[in-house]
Amino acid sequence: MSIRLIAFDLDGTMLDDNKKLTAENLDALKEAAGRGVVLVPATGRIYPAIPECLKDLSFVRYYILANGGCVYDSLQDEIIYRGEIPSSLSLRCVKYMDTLPVIYDCYQDNRGYMSESMYNKAESFFPDQPHMVDLVKRLRKPVPDLYEFLKANGLGVQKLQMFFMEKDMELRETLLRSFSDVFPELAATSSVKNNIEINSIHGGKGNALKALAQRLGIDMEDTAAFGDGTNDIEMLKTTGCGVAMENAAAEVKAAADMITGDNNHSGVGEGIKLLLNGNRRLT
């Protein structure tokens, strides 16, 4: 069977290290779209954080956002799937994160929120990374206290996220392994070197991809996905053909059916062309 849907992570996957879409990747997307393939960004980002170069592509309609916290139909301006953390559980998790040496935020209805005191500490968590400070501050609205904000609105949360200082990387690694022992209803993954992303076990990119494929009448065997981070593993295992980037973590490569080039050398474009030619098990 031919591939009918391709999902792809953004940071470290479709985008290069300068957060740009290469000409080779763009050409591959256009070729796939011309063959009728549904193309779906699948990212930890929310919609306002999607690069304009992707939003401007008329053939990209559906987005898996916040690690599967939702699927967004940009044509209808509608969330068509939700895999959220319930309000009561998000409040328990926020209280737990208050005991850790981190700053944290949440995504809710495709908007980012962060306690003002943590918002003002962003620079110290991203030394020599002004682009990350800009991203955090541009996409999060500071509120007096995130716990009280979430308690007052009573809504589910698409994703919670923690950031760690360099000196606390060992703690981060420990928490990535043990977080589900504390919160079995939640999954902890990572997409950048100093974060932990927290989603409902009923969310995740894999579950979101399955929901979208079902809505579109596409068999999962006819889907493919590209990724590099641990937040992509579930998606790579769920899809008909999971493709890991050369720059991916070892556990991501172990979960994949194929390995393509790295994100700075248009690995996604290379992999898409292989898929369009019928290759699914090349390494």
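Begin by selecting the hairpin formed by β3 and β4 in this predicted model. Between its two strands there are 4 residues, and Ala66 adopts a positive phi near 50° in this hairpin.

Next, display the two strands themselves. Strand β4 covers residues 70–73 and runs antiparallel to β3, to which 4 bridges join it. Select Ile64 and look across to β4: the residue standing opposite is Val71.

Now show the side chains of β3. In a regular strand, side chains alternate between the two faces of the sheet. Tyr62 and Ile64 lie on one side of β3, with Tyr63 and Leu65 on the other. Are these four residues buried or exposed? All of them are buried, and both faces of β3 are therefore covered.

Tyr47 belongs to the loop between β2 (38–41) and α2 (52–55), whereas Tyr63 is in strand β3 (residues 62–65), so their pairing ties together parts that are 16 residues apart in sequence. Both Tyr47 and Tyr63 are buried.

Then select Lys55, which lies over the face of Tyr47 at 4.5 Å from the ring centre.

For the last stop, select Lys95 and Tyr147. Where does the charged end of Lys95 sit? This charged end is over the ring of Tyr147, 4.4 Å from its centre. To extend the tour, look for other aromatic pairs: a search of the whole structure finds 7.

Definitions and conventions:
Residues are numbered from 1 along each chain as its sequence is written. This is a predicted model: local features need pLDDT of at least 70, side-chain atom pairs count only at pLDDT 80 or more; totals for chains, interfaces and linings use all residues. Side-chain values use heavy atoms; hydrogens and water are left out. Rings of Phe, Tyr and Trp (its six-membered ring) pair if their centres lie within 6.5 Å; planes under 30 degrees apart count as stacked, over 60 as edge-to-face and the rest as tilted. Buried means under 20% relative accessible area, exposed over 50%, partly exposed in between (1.4 Å probe, protein chains only). A charge sits over a ring if NZ of Lys or CZ of Arg is within 6 Å of the ring centre and within 35 degrees of the ring normal. Two strands pair if DSSP finds at least two bridges between them.
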